[in-house]
Amino acid sequence: MSSNDELVLGAHFKTWMLTRGSGLSGMDGFTFYCVEQFLKPFDVADDEILNGNVEGGNDGGLDAVYFFVDSALVDDTTSFVSKGAAPELNLTLFQIKDSHQGFSPIEIGKLRDFLDDLLDLSRPASDFKAIYNRPLRRFMQTFKDTYRALMRDFPKVT
């Protein structure tokens with residue numbers, strides 16, 4: 001990213017923090033800002049952004065996680081019935097760093113390990129109690145249950 005781009009983005013974030021981010025709680029402001037910008041095509045509400053927060057210990061190196069089926073946000077209260085058509089599943093995982101932090105090989109390894117665990121449909125999320133925090137395990141189980149429910153429709157995962 002060029003230094004001019006960094007200046008523009010920094011100015012936009014500063015303005016956002018003074019207006020939109022001023023009363024924000026439940027998630028780091030920079031994380032919320034990044035997630036909100038990236039998820040604009042999905043039209044998610046603030047509480048839905050906050051519900052994807054997994055920051056903290058045992059978070060698999062992730063900051064936030066979201067799962068969409070045909071552009072609709074899925075949570076642990078959503079249920080799906082096979083429609084016979086191939087649904088599009090969008091798995092959106094966030095590891096957010098500012099331009100000064102960067103990504104370490106350890107964080108990339110944590111993400112790889114998490115993806116291996118998430119995509120192993122033979123193991124329930126409860127198997128990972130010692131590894132991942134409760135919000136991340138809840139997300140894992142929701143993904144696994146939904147994917148299994150839609151499997152026979154040959155979903156496209158992006």
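Helix α4 runs over residues 105–119, and its 15 residues reach 21 Å from first C-alpha to last, close to the 21 Å expected at 1.5 Å a residue (the expected span being 1.5 Å times one less than the number of residues). Helices here are DSSP runs of H or I with at least four residues, and strands are runs of E with at least two, numbered from the N terminus. The model is a predicted one, so to speak of local features takes a pLDDT of at least 70 and side-chain atom pairs count only at 80 or more, while totals for chains, interfaces and linings use all residues. Residues are numbered from 1 along each chain as its sequence is written, and side-chain values use heavy atoms, with hydrogens and water left out.

On α4, the buried residues (under 20% relative accessible area, with exposed meaning over 50% and partly exposed in between; 1.4 Å probe, protein chains only) are Glu107, Gly109, Phe114, Asp117 and Leu118. Their cover includes β3 and α5 (134–150).

Phe67 sits in strand β1, residues 64–69, and counts as buried because its relative accessibility is 1%. Its contacts (heavy atoms within 4.5 Å), leaving aside neighbours within four places in sequence, include Leu73, Leu89, Phe139 and Phe143. Ile106 is another matter: Phe67 and Ile106 are 39 residues apart in sequence and 24 Å apart in space, C-alpha to C-alpha.

Then there are the rings. Across the whole structure, a search turns up 12 aromatic pairs, where rings of Phe, Tyr and Trp (its six-membered ring) pair if their centres lie within 6.5 Å, and planes under 30 degrees apart count as stacked, over 60 as edge-to-face and the rest as tilted. Tyr66 and Phe94 make an edge-to-face pair, at 5.9 Å centre to centre and 80° between the planes. This pair links distant parts of the chain, with Tyr66 in strand β1 and Phe94 in strand β3, 28 residues apart. Both Tyr66 and Phe94 are buried. Elsewhere, Phe13, Trp16, Phe30, Phe32 and Tyr33 form one aromatic cluster.

Thr31, in helix α2 (residues 29–38), counts as buried because its relative accessibility is 3%. Its side chain makes a polar contact of 3.2 Å with that of Glu55 (N or O atoms within 3.5 Å; within protein, one able to donate a hydrogen and the other to accept it, residues adjacent in sequence counting only if both atoms are side-chain atoms). Thr77, in the loop between β2 (72–73) and β3 (88–94), is exposed, with a relative accessible area of 67%.
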